[in-house]
Amino acid sequence: ILQKRVENKLQKVQEYPANVSFAAEKQNILVKLQNIYNDTQATYLKFSLKNQSSMVYDVDYVSFAYIDKRKKKASKINTLNSALEEVEPMVKIEKLVTESGKSNVYLYAIPLYATTEDGYLQVIFREKAGLRSVTFEIPFKQILNAQLL
């Protein structure tokens, strides 16, 4: 039942007008974060990906990790693992192949998580048959202040 409720909310987020504006671009792949919402279970994210290159952009997967900046500075040994908390989406709606000159919408519901004020959510769109990837950093303050669904 929870899964279905989260799915329904994610479908609604797709229809909502943008409430944030973050963008990252790499090798003519433009990713925009358009919406962030929270409820008691999850954080809901809506991204648009526009392929401005002449090659198809075939997304292998999208990863999410909360990064705590303070842990990163404090620990010299194994800094990446101690500061990184990987997150699996509860629900995702994605169309992985983006043709040249086209756009797709990606929707994710990830479990609620609290990190430090200067922490952030890292989102990486990785390409399947290539090395192109777009990395996104969403400040935790932005998630903390997201509108309620």
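This is a predicted model: local features need pLDDT of at least 70, side-chain atom pairs count only at pLDDT 80 or more; totals for chains, interfaces and linings use all residues.
The largest nonpolar core comprises 27 residues. Within this core, the residues with the most contacts are L45, F47, F64, L121, V123, F125 and I138. Several elements each contribute at least two residues to the core: the strands β2 (29–38), β3 (42–51), β4 (57–67), β8 (103–111), β9 (120–127) and β10 (133–139), together with the helix α4 (140–144). The greatest contribution comes from β4, which supplies five residues.

F47 illustrates how such a residue is surrounded. When its neighbours within four places in sequence are set aside, F47 is in contact with V31, K32, L33, F64, N104, V105, Y106, Y108, V123, F125, F136 and I138. Among these partners, F64, V123, F125 and I138 also belong to the residues with the most contacts inside the core. Apart from this core there is a second, separate one of nine residues, which includes L10, V13, L107 and A109.

Attention now turns to β9. Seven of the eight residues of β9 are buried, and the strand is thus mostly covered. On one side of the pairing pattern, β9 is joined to β4 in the antiparallel sense over eight bridges; here Y61 stands opposite R126 of β9. β9 also pairs with β10, again antiparallel, through seven bridges. In that pairing, F125 has V134 of β10 as its bridge partner. The strands β9 and β10 form a hairpin, with five residues lying between them.

Technical notes. Residues are numbered from 1 along each chain as its sequence is written. Side-chain values use heavy atoms; hydrogens and water are left out. A nonpolar core is a set of buried Ala, Val, Leu, Ile, Met, Phe, Trp, Tyr and Cys residues joined through side-chain atoms within 4.5 Å. Buried means under 20% relative accessible area, exposed over 50%, partly exposed in between (1.4 Å probe, protein chains only). Helices (H or I, at least four residues) and strands (E, at least two) are DSSP runs, numbered from the N terminus. Contact means heavy atoms within 4.5 Å. Two strands pair if DSSP finds at least two bridges between them.
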